[in-house]
Structure formats: C-alpha cells, structure tokens
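Here's a quick briefing to read with the model open beside you. Have a look at the fold, and then we'll go through it topic by topic.

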Amino acid sequence: MIASSSTQSWIKDRSGNHLARVICLEFQRGSSKRIGFRMRFTNALGSRLFRWCSRENHTSVRKLLEVDGTSERSKLLNKVSVLMGYSNTQCLIEQERACRESATELISVFKEIDFQEISAKFPCIKIGDSSPIELFDDSASMKQKETVLSENLTNFIQVSSGNLEATYEFSDKCYPIGPPLTNVDHLSISEESSLTQQPFSNELAVDSDACQELLADATVPHSSILDKSIRCLPGTTSRQYRQLEDGGFHTVRKLLQHFPRTYADLQNPRGSIEEGQYIMLFGTIISSRGVRIKHALSFLEVVVSCSIIENELSSSVKSCNSGADQKKTVHLHLKKFFSGTRFSSQSFLNCISSKYREGDIVYVSGKIKKALANHHYDLKEYTIDMLEEEEQQCTLLDRKPYPIYPSKAGLKPSLLSISISRALKMLNPDIDPMPHKVLVEFNLPNLFDAYMGIHKPKNLDEADLARRRLIFDDFFYLQLGRLFQMLEAVGTRIEKEELLLKCKNHELNTVGDDEWSPLARKLLEALPYSLTHSQLNAVKEIMWDLRRPVPMNRLLQGDVGCGKTIVAFLACMEVISSGFQAAFMVPTEVLARQHYEHLTSLLEKFDGDECKPNIALLTGSTSTRESRIIRNGLKTGEIAMVIGTHSLIADKTVFLALRISVIDEQQRFGVVQRGRFNSKLYTPSIKLSDDDTISDDNSDSENFMAPHVLAMSATPIPRTLALALYGDMSLTQITDLPPGRQPIETFALEGNDSGLETVFQMMRDELVDGGKVYLVYPIIEESEQLPQLHAAKADFDSIREKFEGYPCGLLHGRMHSDEKDGALSSFRSGETRILLSTQVIEIGVDVPDASMMVVMNAERFGIAQLHQLRGRVGRGERKSRCVYLCSSPSALPRLKVLEKSSDGFYLANADLVLRGPGNLLGRKQSGHLPEFPIARLESDGDILQEAHNAALNVLGTSNDLALYPDAGNIATGQQHKCEVSC
Ligand SMILES: Nc1ncnc2c1ncn2[C@@H]1O[C@H](COP(=O)(O)OP(=O)(O)OP(=O)(O)O)[C@@H](O)[C@H]1O
C-alpha cells in the first residue's frame, strides 16, 4: 500500500516517542526465538493507532491497520517506521537504543541537581498536558532560575542529541522543575501513558534500579512518594507489576486513586434468602473440586458456607421462638464450566481447584438460585474475592466496612485490593501538599487520612469524609489552575485583586435595554407580556457578551417553563440587526416547528416589511428541494436565521456570516455532536468575498470571528457544579417564573381500578371546565413482556369511547413528522382536547392552555423526567393539575416527593436521597462528570463552592502563590487530576 502524504504527516504528527517504543517492543516480541517459547506480536501498536484514527476518523490509517498474521504484522511495523521517517524498523530500533543510553546519562545529571531547592524557588502549575505555568514571574527570579538551570544542565544538553531535547522538552517555556521524579519515571520506568507493554525489559531493570536510588533520595518531597512507580511496592511479583502497569496503574497515586465502588457490610444481611435475589455475603470455603463430566467438558465447584441471621418474621422456616433471630448456615455453590479437552485433564482440574483452599475466607456476590437440598443455593453470575491478607481478615473480624473495588482492564479486584493495601503501607503522613489553613478552614482530613479513610475506613462516616476531601482536591486544583491562568493574563496587582473580587461577587456586566439594537427592541415590543426580572437580566448579560470582540460561550439555565426561548430569540435579533446570521438548534422536529411558528407569529407583529428578518425552518423532514433553497439562502446571506434540528450541522449547510448559534436543551446533544456543531460553525462562515461588506463598522477581525454560542438547559444543576460541568462556559440563570403562574396541583395515586376511576373523573371535570388534557404513556404499543404497562396506541380507542364528545389525538415517536405536527397543532388549536402521547412531549412542548396531565406507569420514569413532563402544563394562567399513576404501591413514596415540591433543585436532591447512598462511589452516578471520578453531579456542588472559595482565598493572599511554596508541588504533583483543559 502506498501511503498518502496526509497519512504520512498524520503519523509523523503523532509518532513522538511512544510510537517508537511500541514498535521496538512489538519487534522484539515478534522476533523472539527462545526455544519452546515463541512470543507473539502484541497488539499495542495496532490498538494505539486504532484509537487515534477512530478518534480522528482517519480512514486511510485504519486501512493500514487491517493486517493479520505474523508476517503481516512485521510488515506493518516496517510500514509505520517508514512513515515515521526511519529507513526501516531496524533503523528505528537502533536510534531508540541510542536514545535510551543517553537517558541513563540524563539520570546521572538529574541526581546532581538539587531539585527540591529549585522547585521550592520556582514552583509551577501544570494542568493536564499544558506546559507548566510558572508561578513566579518577576524578571529577577527568572534570571536566577535560568542560571541555576543552565549551570546544571549545560553539560547534559551538550552531550544529548537533538531528538532527546525535543522529547524531554528542555525549551525556554518548559523547565524540568517541580517533582523531578515524574520526569525520571517518565524516562526510565514507566509512563503515564496507556502503552500496554514496556520495550527493552532487560534495560528497564537497570533503569529501574537507578531510579529506585533516586526515589530513596532524601531531597525528594514527600508528596512525590505518590508519583513513584508501583515497582516500589513490596511483596509484588514482576508478573503482578506488569499486570498493574498494563492496567494503567503506573504510579502509587494511580493505584490509590482506584476507589472502591461500594463498601460491604461485614455483618451478613438479616432476612431470608430468596430465589433471584442478588446477594453479597462473606463465608468460608468448605470444598473446592474440579470435576470432569466428559472428555471435553469439566467444571469447577467451590462451596462456600455463610452464616446469616434470619428473622422469624421473614423466614419461611417456622420457629417456636416467635420474633427471635435465628442463625442459619447456607451453602452457596459456585460453578464454572470449561469446554475443551485441554481443560479436562486431571492436572488442570487439580490446579484450578487448589486455588480455593478449604478454610479460606471469601466474599461472594451473585444471584441466588435454589438447589435441591435444603439451605443449598447455586450462585449465578457470581464474583468471588479471596481475603488473602491477614489485614483483610482482621477487617472482617473488626466489622469495618469492606471496600469492594471495581475491576479495571481485566485486573482482578483482589489484586487491586492487595496492591492498594501495600501502597497504603508505604505512605507517609506528611504527603499532603494542601496548605494546612485550608484543611482547617474547610474541616477536611489530610491527604494521608483521606487515602486511608477511603480504602480502609473504620466506619462509613470516615469513608464519606475521605471522599469529601478527595473530591475537594479535584475541584480545588481545577479552580486554582483556572483562576491562576485568569490572573496571569492581567497585569498589575490592583487589576488582579479587582478580578478576584469580581469572581467572588459574580458581578454582572450588562447592556441596558435602551442600548439594544432596533430589531431586539421591536421584538421586545411585540411580546404580549413583559420580561421577568431575571429574563431581563439574562438578556442584558448576553447582550454585553455579544458586543465583545471574542466569541461568547454561555449556558442559559432555568427551570421548565421559565421563558428561556424568548431570551435566546432576543440575542438572535441583536446579531441579525448588525447584519449577521443566527442558527437555533433543537433536539426534536416538534420543538423546531414550535419555535419557528412562535417566532414568525411575533415577527408578524412588526410594522413594515422591510425590517423583518428572513427566518427558515430546516429539519430532517424538510423536502430536498426546500432544503436546497434554504441552504442556498444561508450561503448567500438571504436568510438571516435558521431554526432546525441536526440538519444544521450537516456538512452541506454553509452560512455566509454566522454570528450566534443557540443550542436548546444542550444535554440532549452528545458532546461530539456539540463539538461538531461548534467547529462546523467556525469554518464555513468565514468565506466572505471582498465586496461582502456586512457592516461598515465591523472590522475584518470581527467578520472572521467564530460565532457566539448560547446553550440552553432546564436541567437543575447547582450553579457551582454547572461551572465545573460546562468548563469555561459562563452561566446565566433564570430564577423566577413568569407572573400569574399557579402552582400545579400534583397527585400520586396507585393505578388500580379505583385509582383509574378517580383520575377519569378528574379528567371529565377538567374537560367540562374547558381544559385540555395530556395522557402520557411509557410505551406506544402493548408488550407481552411487560403486561402491566399501559400503551398509548392500545388505549386510544377506549379513551375515545370513555370521553365521547371530547376529540382525542395521538402523538408518538414512530409517527411521521407531518402527523406529529398535525397532532400537536390540533391540540394547540383546541380541535382535540385530549392528547395521548409518549414522552416525546417531554422536551420544550409549549401549549400554554393545557391544564391537566396524567402520567401512566409513572414508576417507569425518573423524577427529573417526571418534573420535565409536568412542566408541559401550568404554562399559562390557568390552574393546572398533574396526576402520576403507578402500577405498584411500592413506587408511591418516590412519586409523593413530586406532590410536595415543584423545585427542580430540591427534586434532584430528593431523587438522590431516595435512591440511597447505594453505589456511593460509583462512576455511574457521576456520568456527567467524567473528569471527576468520585464527585456526584447531584450532591457535590457545595464542595465545589468550598474549593472555589479556598482557591480564591489562596490567590487572594498571594496572587503569585509565592507564599505557598508547596503550591508548585501541589500543582505539579496533582497534574493528573487537572486533566480538564482550561
Ligand atoms: N415574561 C413572561 N411572561 C409571561 N409569559 C411568558 C414570559 N416569558 C415566557 N412566557 C411564556 O411562557 C411559556 C414558556 O416559555 P418557554 O417555552 O420559553 O419556556 P422554557 O424555559 O423554554 O421551558 P422548557 O424548558 O419547558 O422548554 C411560553 O408560552 C412563553 O410564551
């Protein structure tokens, strides 16, 4: 295959040192000819390239990877080496070796430098992959620093090759200050990269020894113990080291940051064991055997005996001691089947069964299936953790919470747990770089106690406090980094202090309504209502952003029905008034049409046609001919604003001069889609010809500026957490509802016959009174698997019969878009009075006089979703009602929460409380915050606020952090944490 020049430059751009090392490794393994042990090629090169090209959608490289078979893989290595600029693989390997020899030399130079002294003098912050930001910027110390560094490094730089200099970044901007060991590790032992294997394993041993010496050096700051290679863990075999490194655990810190997913209660639960139940129990192995069933089938059976307390009331076994606790022993059978002749040999079976010794204490979890004998159960989909270390068994005896670790990269939780225990033993109590004052002020444990508390808690409170501290760290360094970067951009001390004050006070920068553009003012006048106080503030704030010569990136957040749409429309009018274009993207066609009709009706009220902007609607169901006309209009600038769905991000949609993109309900769009939308909007809009003068007073740079982005969301997120969540987005919140809104009366009822009858009567009353009713269903058609669920289509006829005289409509996702629009507009116009719908109406649908909603099988929806659905009623001045019907009484308590409150924030928290702390440290809960492994979106806003305040205080007392010499260590040592780009 002849690689194109784009493939070549693509690979060159990414090759760096990593790829060269991977090639060496693969080559070494693939050509190993040890007798009886021919090592195979690994997949490291393939997986690395594959990850890159899938991320960047590079098809020609992907094709390059489509090789298999040993000889093919050696060809692949050769090909990639050539693309990287070497003559062949051999040549690459020789150069790499030379490089490593120089690296050993570098280590000896490092040894002579007093890094602690340097880093204490010149602390720096390093966030993610960014270059270190120096915290000391006065020129005198700069000179001093340069002298120190140059004196120490001149020797080395003279002997090192250019290649090496580039690799280790000895440039003016990037000094090897801060904990040097991270860099030394980087050179010799392992990298914080996801390389699956290390090349030159023999040489590694040499480098590793050299590094161990360095690590033991007394000048090393304590916190850098955390950055030691895991190869310093005592009692770990080299196979385990390899496994851990392959799993991404290269340093002690990485290992300690593998947090438990939950804690098991060491008292086995009370109650009875039931079929299908998922249990977690401690017990003792009483037998383990490998059994051959036939020549190619065998199984391993481990029997675990567990003792549980069974309460008389919940027991199926009768006892004469009414109400007393009974201790009962149950036997759990854990079976694993093997097929294949090589798994049926006696030696294999002996080997696997000997791994589970009689008397070993284990922790098992899985699903219960009754066995034939009394008190015997099969455990399906099980996991078994051995409590191998004495310490773990003590935990059991002391009845402390037992941490359960998630597996990672195929590593057994037991290996992780043991390695973590060993890492904890190595920790020093003074590893904490956080200023002591901060810990006292926010009542936080130190880092040592936090790691101990999260991995070996004495009780759940201690685990929770530890978790708090670790979340605080994540947020604190992020805030410190961000604020510090902001301050760096500002010149004098007074300006810096002013900026900090502004951050503390959230001071508003606004443009008064008398200064708005004529179009925005006309739209304001056309409204049948006046804006609420926070709507007005939001518009003023946005207008201020729109006037600045840098692109706005703002999130407009407000509860359902608070009136975000008009705020966004006004922003669009402002840019259209200056001759630019606006794009308004929404997640559904129904919503796009609704916004389009709403805006056109407002524009119709403008006097005189000449100033009315040209608005278009572009969705997936717009006909090809019409789309072509609209796209052409956008390209020529004839159309000033387009409202639509994903079609707006299609490649063929090109704008002449796009200046603002509004993204409604932005959480509905994936990050990738949003990114695509932004980048798409950035490029095509710059194609202006020489005579395309948009506005006399716009400079060229303004015309070529990327568009402003205004994202809208009704998701109730605490302000502070939203700041972390949406990175560098500014936040505007609408906190009040339009006047005249009446609270929605809410009822949660059981959907049995009498419940349904009550609801139907309420509906009848509402219809007689002139209201309109939504009936919301979880599914469209009846399902055999879920017979308890009501279905929209199936109920349609019976509802029509029941409410004769009141026309009914049907709306669901499988309908054609014309039919959907028809159903919604009939309901809006009053032609139909009852609308049977699925949750397609959840987002944004606005029928102000809809006055009642009934949600069938409400237990199928989340609380936030039910709150959004309820927001479809009560959008006008009419008193509205909402009824949640559930199919089982057990769901009622959850729904009753909605009866009590209509505050989105309160409900988000209540949801959390109701779900219980269960998966306390689970990643799932923090789905929105991938950068923060243990922070929870719903509950940890206050920690972020505290971290924000702490960072402000730290920078307030010392703008350049000179008073916090440890800050350099803080920041560099914690660089892995601040992976969010700032
Ligand atoms: N200041 C106001 N006074 C009276 N009515 C208003 C005001 N602002 C908006 N409205 C009306 O309130 C209703 C809801 O507004 P809008 O659709 O913009 O809400 P939203 O914040 O987008 O809600 P959702 O998140 O549910 O989509 C609309 O009918 C709108 O015309």
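How far apart along helix 18 are R469 and D473? They sit four residues apart in that helix, which runs over residues 460-488, so about one helical turn separates them. Keep in mind that this is a predicted model.

**Salt bridges within a helix**

- A search of the whole structure turns up 24 salt bridges. As background, side chains of opposite charge can pair when their charged atoms come close.
- R469 and D473 join their side chains in one of these bridges, with N to O at 2.7 Å.
- Is R469 buried or exposed? R469 has 0% relative accessibility, so it counts as buried.
- D473 is likewise at 0% relative accessibility and therefore counts as buried.
- R593 and E597 make another salt bridge, this time with 3.9 Å between the closest N and O atoms.
- Helix 23 (residues 589-603) holds both R593 and E597, and because they are four residues apart there, about one helical turn lies between them.
- E597 comes out at 35% relative accessibility, so it counts as partly exposed. R593, at 31% relative accessibility, also counts as partly exposed.

- With a relative accessible area of 38%, D849 is partly exposed, whereas K772 is buried, with a relative accessible area of 5%.
- Elsewhere on the list, R289, E301, K335 and D378 form one network, joined by salt bridges that share partners.

**The ligand site**

- How many residues surround the ligand? There are 20 of them, and the closest are Q535, G561, T565, R741 and D846.
- Sorted by class, that shell consists of seven nonpolar, seven polar and six charged residues.
- The backbone takes part at G561, where an N or O atom lies 2.8 Å from an oxygen atom of the ligand.
- G563 also comes in through its backbone, with an N or O atom 3.0 Å from a ligand oxygen atom.
- R741 uses its side chain instead: an N or O atom there is 2.6 Å from an oxygen atom of the ligand.
- How much of the ligand's accessible area does the protein cover? On its own the ligand has 630 Å² of accessible area, and the protein covers 90% of that.

**The chain as a whole**

- Stepping back, the chain contains 35 helices and 22 strands.
- It has 982 residues, and 53% of them count as buried.
- Take the contacts in the chain with a separation of 6 or more: 73% of these are between residues 24 or more positions apart.
- The chain exposes about 45100 Å², and carbon and sulfur atoms supply 50% of that area.

Note on methods:
Residues are numbered from 1 along each chain as its sequence is written. This is a predicted model: local features need pLDDT of at least 70, side-chain atom pairs count only at pLDDT 80 or more; totals for chains, interfaces and linings use all residues. Side-chain values use heavy atoms; hydrogens and water are left out. A residue is near a molecule or strand if one of its heavy atoms lies within 4 Å of it. A polar contact is a pair of N or O atoms within 3.5 Å; within protein, one must be able to donate a hydrogen and the other to accept it, and residues adjacent in sequence count only if both atoms are side-chain atoms. Accessible areas come from the Shrake-Rupley method with a 1.4 Å probe; for residues, only the protein chains shown count as cover. Ala, Val, Leu, Ile, Met, Phe, Trp, Tyr, Cys and Pro count as nonpolar, Asp, Glu, Lys and Arg as charged, and the others, Gly among them, as polar. A salt bridge is a side-chain nitrogen of Lys or Arg within 4 Å of a carboxyl oxygen of Asp or Glu. Helices (H or I, at least four residues) and strands (E, at least two) are DSSP runs, numbered from the N terminus. Buried means under 20% relative accessible area, exposed over 50%, partly exposed in between (1.4 Å probe, protein chains only). Contact means heavy atoms within 4.5 Å.
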